Amino acid sequence: MFARWAPKNQMCVPAYAWGMDTLMQRLDLRGTVLETTDLAHALPRAALDTSKAADQVAPILKRVREEGAPALYDLAEKFDRVRPASLRVPAQAIADALVNLDPKIREALEMSIAHNRMGHTQQLPAPAQVQIIPGGTVSQRWIPVERVGLYVPGGLAVYPSSVVMNVACAQVAGVESIALASPPQSEFGGLPHPTILAACALLGVDEVWAIGGAQAIGSFAYGVTDGDDVLKPVDVVTGPGNIFVAAAKRLVQGTVGIDAEAGTTEIAILADSSAHPAFVAADLISQAEHDPAAASVLVTSSEELADEVEAEIKVQAQATTHTERILTALSGPQSGIVLVDDVEDGLTVVNAYGAEHLEVQTLNSRDDALKVKNAGAIFVGSYTPVPLGDYIAGSNHVLPTGGTARFASGLNVMQYLRSQQVVEYTAEALDQLSDKLNTLAIAENLPAHGQAALIRRTAAKDGE
């Protein structure tokens, strides 16, 4: 049975309840007034304590900064259980990886690259100029950073898609110097996974480093010399990773720019009785497959749909490869089914949740999606599953997690661009504004500011 709730005019901090045969915990918000502040604390959420991880990461970054390459070899042995022959991946290994790539995988990656280049091109801002007064203009231009470091994790899966997402975005932004790091793999002789290397080859990235985890982020920030190979410091670091990668990003921010402190993957699905239970179940499972700590949340106005989805999950999860991992994630405290009175209340819930990935599978999914304010990316309708965006839709899959979609964006070209204003005034235009400029300068007790304009008026009168 579900927990009982406060009357409709009162919001309480809800409790979770399990039915006799439920896999996922259920949060019944029917009959309550939904307050965003309460929801933020009550909804299931994957834990991400970057502060504690930062305490463990700080000594690693210190070693990388002070010891350089020797520390990186030691850390590879400790964390990756292999000592690579070299930190820089040889050009021949990258070329060989592409030669040996399964043709079907190559074809799929090539399509993903093409789609992502198209999708990111529409993000490029246009330069602009405005005339403030006759003879006085302010121009806006966008300049790419000179060099970026892109991180691609190892771990429970292989992520050539993350190579595509990071590199295509940076290339469309106009970044000229790209370094990519991915953990060394013991089964591949201390090289990153060959599919990662093949994706780099397809994208024209030839600077690849066999460095994983927090130490890779430190290497990007501080630079490393290993014999004749030099990893020059970068301007911006992007890419997904575990909690230690996120913590390392936090600690080097300011030395370099970062995209975000990404946490464990999460999906929320807003669905009503029109949704297809098998589709919803498959999509919840797809993200649970990433990690036992992954968050999968269904928000629905239909208790019948909730029951049908759970029944589907039990069947589908047993038929896939990572059954234990999936069931652990779906039954964990970070996942659950949230019951609401109607779709409008569901929208309140998903806006409070701010999911990394949000699917909208409702009768009026397109209109409902337009009402969503907080989500990393929105997938509209029954035929737009999150994995489409993970690989080949043309959107980016590096997205804000842990509710940070309230203020953060997914990876896009703006992460690699700087806004720069160019101001140009003629003598006549400056003269028109000099008196008011001087008035404001005196009001702030900065008379030399005013004099910088007035001296030019005097010089103009003297014919200088």
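## A pocket to start with

The second largest pocket is lined by Thr36, Thr37, Ala40, Arg45, Ala352, Tyr353, Asn374, Gly402, Gly403, Thr404, Arg406 and Phe407. Its volume is about 220 Å³. On a 1 Å grid over the protein atoms alone, a pocket is an open set of points with protein on both sides within 12 Å along at least five of seven lines, and a lining residue has an atom within 4 Å of a point. Grid points are joined across faces, edges and corners, and a volume is the space filled by probe spheres set on the points.

Which helices each supply at least two residues of this lining? They are helix H1 (36-42) and helix H13 (343-353), and H1 gives the most, with three residues. By class, the lining of the second largest pocket divides into four nonpolar, six polar and two charged residues. Here Ala, Val, Leu, Ile, Met, Phe, Trp, Tyr, Cys and Pro count as nonpolar, Asp, Glu, Lys and Arg as charged, and the others, Gly among them, as polar.

## About the model

This is a predicted model, in which local features need pLDDT of at least 70 and side-chain atom pairs count only at pLDDT 80 or more, while totals for chains, interfaces and linings use all residues. Residues are numbered from 1 along each chain as its sequence is written, and side-chain values use heavy atoms, with hydrogens and water left out.

The protein chain has 17 helices and 16 strands; helices (H or I, at least four residues) and strands (E, at least two) are DSSP runs, numbered from the N terminus. Its C-alpha trace spans about 90 × 65 × 40 Å along the principal axes. Of the 464 residues in the chain, 50% are buried. Buried means under 20% relative accessible area, exposed means over 50%, and partly exposed lies in between (1.4 Å probe, protein chains only).

## A closed space

Rolling a probe the size of a water molecule over the atoms shows where empty space is left. A search of the whole structure finds one cavity of 30 Å³ or more, a cavity being a set of grid points where a 1.4 Å probe fits but cannot get out. About 40 Å³ of space lies in the largest cavity.

Around the largest cavity sit Asp259, Ala260, Ala262, Val398, Leu399, Pro400, Ser409 and Leu411. This lining has six nonpolar, one polar and one charged residues.

## Charged partners

Side chains of opposite charge can pair when their charged atoms come close. The structure holds 16 salt bridges, each a side-chain nitrogen of Lys or Arg within 4 Å of a carboxyl oxygen of Asp or Glu. One of them joins Arg26 and Glu310, at 3.2 Å from N to O. This pair links distant parts of the chain, with Arg26 in strand E1 (residues 26-28) and Glu310 in helix H11 (residues 303-318), 284 residues apart. Are these two partners buried or exposed? Both Arg26 and Glu310 are buried.

Asp28 forms a salt bridge with Arg30, and their closest N and O atoms are 2.8 Å apart. Asp28 is buried because its relative accessible area is 7%, while Arg30 counts as partly exposed because its value is 27%. Asp74 and Arg83 also meet in a salt bridge (3.3 Å, N to O). Both belong to a network of salt bridges that links Arg63, Glu67, Asp74, Glu77 and Arg83.

Most residues other than glycine have a negative phi, and most peptide bonds are trans. Arg81, however, has a positive phi, near 60°. Arg81 lies in the loop between helix H3 (69-80) and helix H4 (91-99), and counts as exposed because its relative accessibility is 74%.

Asn445 also has a positive phi near 60°. The place of Asn445 is the loop between H16 and helix H17 (447-461), and Asn445 is exposed, with a relative accessible area of 65%.
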